[in-house]
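Thank you all for coming; please have the sequence and the model open while I talk, and follow the residues on your own screen as they come up.

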Amino acid sequence: MTLSHPHHESISRRVLAYSGLLTAAALALVVAQPASAQSSERQPNGPDLQPTQQWDKVFTKSERVDHRMVTFTNRYGITLVGDLYLPKDRADRRLPAIVISGPFGAVKEQSSGLYAQTLAERGFATLAFDPSYTGESGGFPRNVASPDINTEDFSAAVDFIGLDAAVDRERIGIIGICGWGGMALNAVAVDKRVKAVAVSTMYDMTRLMSRGYNDSVTLAERTQTLEDLSRQRWEDAANDTPEYGPPMNELEGGEAQFLVDYHDYYKTPRGFHPGSVNSNASWTVTNPLSFMNMPILNYIDEIAPRPILFVHGENAHSRYFSETAYAAAAGPKELVIVPGANHTDLYDRTDVIPFDRFAAFFQQHLAGDQ
């Protein structure tokens, strides 16, 4: 579904300009769903879920890891789809586990799956999953996000992996990438089962959508955006289906470098996946509403005494999100700045992503009683 009326175009463009986005990993008003997933036909729990073991990732399959697709249900009754990775040399020992999601608008076949497979090679049971309403996971309408439901998705993944016979449920950690970094921190603050959390190239989506990049949005601009989005609800209600924004990450020329970086990942063979919001489609126009008055990092200090690892690129436009979250966290905490890296380098550049540091962090803090 695409915009077909100048009024709709002006609203979605104004919302994008409001946060300075026009990009997938940020406000991402576009989603990578096939056309049928954005149709007005109601589906009780999202797409027709038919998990397959066929390899369709944007990264090469490892011969050192066993992989299978799995499904599980969150507290709101939405069926989530994930990829479970286990090291082949696990023998009979119970493994520490890590659940992973992100970036915002991506799918498990992209960055989160790469992180999951790589850490499974290093001895962890890992689960990369599609959040509610996106990818192969359930939920209707399609291509919408929620700071509450998507935080819950992390805890639902902990529920699932903690019941796996190969896993030691007392040694579970979380990784959130990009916009799911903020969700991960929010989940761990409330879910005391999680022993350690790491975030990579983190965004706080509630801060971004409510204040814009670098907190630059004025009260008047925020008020006008909420006015527009509130009135869009009447149009959606009258049409019995949500309006969707313009496709994500399409360049017209003259964009800021970080928008070019998003395009170079999501829209090229490097990272394109047809199921990804950021590669192939758009979010609902009203997607920002719940993010704009529900800050998710208010209780970040309550993660303590469990450890947090923040990893960000030196040259990332989003670096300030990790730096301010790090300052607000109570500790133990560590901030790792990757020299020369931009935001999307930490999506897939295996020569840049500090996987040794991630592995050492979780080996230390998920050690438990062997």
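Predicted model: local features only at pLDDT ≥ 70, side-chain atom pairs only at ≥ 80, totals over all residues.

Helix H3, residues 147–162, lies across E1, E2, strand E3 (95–101), strand E4 (125–129) and strand E5 (167–177), and the helix runs at about 150° to E5. When I say helix or strand, I mean DSSP runs numbered from the N terminus, with at least four residues of type H or I for a helix and at least two of type E for a strand. Angles run from 0 to 180 degrees between N-to-C directions, and the axes are lines fitted to C-alpha atoms, for helices over the stretch in contact, where contact means heavy atoms within 4.5 Å.

Residues are numbered from 1 along each chain as its sequence is written, and side-chain values use heavy atoms, with hydrogens and water left out.

Let us turn to the sheet. It is an open sheet of eight strands in the order E1-E2-E4-E3-E5-E6-E7-E8, with mixed pairing, and two strands are said to pair if DSSP finds at least two bridges between them. Strand E1 (65–73) and strand E8 (333–338) stand at the edges with a single partner strand each, so one side of each is left without a neighbour in the sheet. On average, neighbouring strands of this sheet are turned by 20° against each other, direction ignored.

Which way do E1 and E2 run, parallel or antiparallel? They are antiparallel, and nine bridges join E1 to strand E2, residues 79–87; histidine 67, for example, has tyrosine 85 in E2 as its bridge partner. E3 and E5, by contrast, run parallel and are joined by six bridges, with serine 101 partnered by glycine 176 in E5. E5 also pairs with strand E6 (residues 196–200) in the parallel sense, over five bridges, and there isoleucine 177 stands opposite serine 200 in E6. Nine of the eleven residues of E5 are buried, a word used for under 20% relative accessible area, with exposed meaning over 50% and partly exposed in between, for a 1.4 Å probe and protein chains only.

In the loop between E4 and H3 we find serine 146, which counts as buried at 13% relative accessibility. Its side chain reaches the backbone nitrogen of isoleucine 149 at 3.0 Å. Leaving aside residues up to four places away in sequence, serine 146 touches Thr151, Met183, Ser290 and Phe291.

My last topic is the aromatic rings, of which the structure holds 21 pairs. Rings of Phe, Tyr and Trp (its six-membered ring) pair if their centres lie within 6.5 Å, and planes under 30 degrees apart count as stacked, over 60 as edge-to-face and the rest as tilted. Tyrosine 115 and phenylalanine 355 are edge-to-face, at 5.1 Å centre to centre and 70° between the planes. This pair links distant parts of the chain, 240 residues apart, with tyrosine 115 in helix H2 (residues 111–121) and phenylalanine 355 in helix H11 (residues 355–365). Tyrosine 115 counts as buried at 0% relative accessibility, and phenylalanine 355 is buried with a relative accessible area of 5%.

Key: Polar contact = N/O pair within 3.5 Å; in protein donor to acceptor, adjacent residues only side chain to side chain.
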